[in-house]
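Subject: Structure for you to look at

Hello,

Here is the structure I said I would pass on. My notes on it follow below.

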Amino acid sequence: MTEEEKYVTTNWKEIKSTGLNLLYSGKFLNKKIADELLFRLDSEIEYFTGDLSRVKVFGKWHNIPRQQAAFGDEGLTYKFSGLSVPALPWPECLLKLRNEISKCMGTDYNFVLVNRYRNGNDYMGEHRDDEKELDEEAGIVSISLGATRDFVLRHSETRKKGSTSKISNVTIPLEHGSCLVMKKPTNHHWYHSLPRRKGCLHVRINLTFRKVKR
């Protein structure tokens with residue numbers, strides 16, 4: 001089987017800094033698979049509306065500046081930013097991808113959060129994925145589809161008032177078909193975001209596979 005015929009390839013690049021432990025593969029998914037996934041998720045998925053399309057920030061509710069959906073094993077919910085998000089049944093395309101990722105990583109992931117960025121005006125603010133119900137040892141596996149967008153990580157020490165920390169931000173352009181793995185202890189020490197990019201006119205869909213404790 002050639003590299004082009006494989007569902008996934010695992011040519012990992014390690015990205016490390018103080019408390020930062022990442023793996024990145026720019027061509028993780030076969031391009032044909034990545035193109036098909038993007039098309040299906042962009043045309044077939046129904047994204048959340050109403051209360052599930054809002055988050056609580058500093059005690060106030062705000063509309064999420066992107067579209068979201070979530071899928072997972074039966075009975076699972078995931079709580080973040082004041083939301084309790086139910087896992088809808090796995091679509092066939094995401095179940096197959098989940099199984100491939102679980103096999104590759106040696107971990108049974110049971111939940112995926114889908115974020116759809118309509119263009120460069122949609123974004124994700126700075127935060128950590130450090131909720132107690134997440135299995136820290138499993139880490140978080142992030143698959144990117146569509147437009148390349150910058151993923152920016154900032155160490156928590158640099159956010160403190162009067163900080164003199166010299167720990168530099170880390171910026172990773174996440175490509176179509178790429179995979180980023182945030183491993184322990186990254187989410188203890190680093191915040192991450194996907195800033196606005198006014199010049200981006202195209203859709204990006206991000207899939208973050210997690211293991212939620214039952």
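The radius of gyration used here is taken over C-alpha atoms, and the rule for a globule is 2.2 Å times the number of residues to the power 0.38. For 214 residues that rule puts a compact globule near 17 Å; the protein has 17 Å, so the two agree. Please keep in mind that this is a predicted model.

Overall picture

The C-alpha trace spans about 55 × 40 × 40 Å along the principal axes of the protein. Three helices and 15 strands were assigned. Of the 214 residues, 48% are buried. Among contacts with a separation of 6 or more, 75% are between residues 24 or more positions apart.

Surface and charge

The protein exposes about 11400 Å², and 49% of that area comes from carbon and sulfur atoms.

One hairpin in detail

Strand β6 covers residues 77–80 and pairs with β7 in the antiparallel sense, over four bridges. Within this pairing, Thr77 stands opposite Pro86 of β7. Two residues lie between the strands of this hairpin, and Ser81 in the turn has a positive phi of about 50 degrees.

Which residues of β7 are on its covered face, and which on the uncovered one? In this strand, residues 83–86, Leu83 and Val85 make up the covered face, while Ser84 and Pro86 make up the uncovered face.

Regards

Technical notes. Residues numbered from 1 in each chain as written. Predicted model: local features only at pLDDT ≥ 70, side-chain atom pairs only at ≥ 80, totals over all residues. Heavy atoms only, no water. Buried < 20%, exposed > 50% of the residue type's maximum accessible area, 1.4 Å probe, protein only. Contact = heavy atoms within 4.5 Å. Areas by Shrake-Rupley, 256 points an atom, 1.4 Å probe, with all protein chains shown as cover. Pairing = 2+ DSSP bridges.
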